[in-house]
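Hi everyone, thanks for coming. Let me put the structure up on the screen, and then we'll walk through it together.

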Amino acid sequence: MGRRYSLAFLLAVMAGLAFSAIAQERANSTSATAGAAPAAAQGNATVPTATHRTTVTKSAPDAAEERALRVEGEKRFRTNCGRCHQAPPKFPSRVMATAIRHMRVRAMITDEDMRFILRYMTQ
Amino acid sequence: MANPTPQARSQHRGGEVRRFGSARGWQIACWIALAAVFSACPANQLNAQTQPDEEVTPVPLLTGSTGFITTFNGGQPDFHPIITPLVLLPIGRRWVFETRATFETDLAQVPGRSGYHGGPVQKEVEYAQLDFIANPYMTVTVGRFLTPFGIFNERLYPVWIRNLQTDPLILPIGIGPSNASTGAMIRGGFKASPKFNINYTAYFSALSTVTPVNSDRFAGGRAGIFVPAARLEIGGSFQHGLQDTRSNAFGFHAIWQPPALPLDLRTEYARSVTGSGYWAEAAYRLSQIPFHQNEFRRTQVAARMQQYFVGENAGLALRPVNEKLFECGLNYYFIDGLKVSSNYGRQFSAAGNGNIWTMALTYRFVIPLGRTGRE
């Protein structure tokens, strides 16, 4: 009986974590959409944060933003992928899209990191 | 490899096995299913923001690795060719089917014959799983999957990834008789604060006695905190057996890559009734040496210290006696995915000390199964 409740508790905690993260992500998205929410990528370079999806897919970033996205993408690529293996070369876009989906599951890369890395690896 | 084969490992887990007939197992499965259902709800609310792969259409891939590993353990040579193909089949925008198999054999000298001769080729489906990316924070996996206990089995096992070719002594702890589980799993990673990410997984495995895809009945989870700025990840694993002695296993892991250095530090500790132990590994790229940079940036030195202690249930012990193993090695990367490795290990145990020499040539391949242009 106790074990059953333990497992239920474990799952409930995880569900709670997931929902709290969703709520936080929404709050970040709202505030960042209302005003600019740039984050320092390196030095004075800035990149969009959680709302970068819209930026990445919907609008054409200017040169400075493009450079910041690339820098941030490379940083996240080395930080996440380099935890386990050497940095692979850039693959064609469709190959990279498959690989990143696989690694998202395997390495539990966050959604945000995945998008930055995919953009960096396919540009 | 230093550890027994999956088949040998499964022999340690003999004895009475309770059948998967009680309601408890189904209740656990229901909990996982419920979590999956709940996880899908926010995905609809987040709408287009959660589309996983933007405008790039992924292509099916045949990837994997191949290697030729030569080991001299106590003077006994062992030639070990291995090929591990991995098929990735993305389906739609949220699904991916992935399966990995291993084909390996041992070449050995046969008395009265010259040269080395191969035994039967061992074939094994390491995993075959269907993943559903429910939302940005959760993926649901069903099928046969690598048991997420610790970090080595899931992340570092392929020969092209590992820094030292031998398995850690504690690898079999918590991963099941064939390194994999059969059941369902939820997992994911998300940004918990601007400073750190959380990753988690919870799983349930059912009993399977079909060799070589056998699995034990257990449930467990793993959680980790990753600090990107420090490149530090720490985490822990827990597993509760639902058969035999219904024992628990737990472990801790840490990965640190100091941002200022081309250095990888990894460590893992695991404990169960079958045994306990730890390993700690460091690998350093010589890219900071100011001369012959083309050569040195491709060169990596690695070292690992590990210990194994026989568990309280000696009948199920992975190894008969306590053991200590120190290894150091050198890797040279010709190109990405193609490397040659050599390492030396000294084994200390009550059963006798010995040297282990290993040389390996490994290659990682990627073959698209379709057009690769942007669509």
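In chain B, 42% of the 375 residues count as buried; a residue is buried if 20 or more other C-beta atoms, placed from the backbone, lie within 10 Å of its own, exposed if 12 or fewer, and partly exposed in between. This is a predicted model, in which local features need pLDDT of at least 70, side-chain atom pairs count only at pLDDT 80 or more, and totals for chains, interfaces and linings use all residues. Residues are numbered from 1 along each chain as its sequence is written, while chains are lettered from A and ligands numbered from 1 in the order in which they are written.

Staying with chain B, we find four helices and 18 strands. Those are DSSP runs numbered from the N terminus: H or I over at least four residues for helices, E over at least two for strands. One residue to look at is B:His117, in strand β5 (residues 116-118) of chain B. Is B:His117 buried or exposed? Exposed, because it has 12 C-beta neighbours inside 10 Å. Not counting residues up to four places away in sequence, B:His117 touches B:Leu107, B:Ala108 and B:Val110; contact here means C-beta atoms, placed from the backbone, within 7 Å.

Now to chain A. Its 123 residues are 39% buried, and along the sequence the pattern runs α-β-β-α-α-α-α.

How confident is the prediction there? pLDDT is the predictor's confidence in each residue, from 0 to 100. Chain A averages 69, with 50% of the residues scoring at least 70. Confidence in chain A is lowest in strand β1 (residues 38-42), at a mean of 38, and highest in α4(A), at 92. Over residues 31-58 of chain A the pLDDT is below 50, although this stretch has 49 contacts in the model beyond near neighbours in sequence. Where pLDDT is low, the predicted coordinates should not be read in detail.

Finally, the cores. A nonpolar core is a set of buried Ala, Val, Leu, Ile, Met, Phe, Trp, Tyr and Cys residues joined through C-beta atoms within 7 Å. The largest has 22 residues, and A:Met96, A:Ile100, A:Ile117, A:Leu118 and A:Met121 touch the most other members. Two or more residues each come from α3 (63-81), α4 (93-107) and α5 (111-122) of chain A, and from β2 (76-91) of chain B. The largest share, seven residues, belongs to α4(A). Apart from this core lies another, of 21 residues, including B:Phe145 and B:Phe190.

Terms used:
Contact = placed C-beta atoms within 7 Å.
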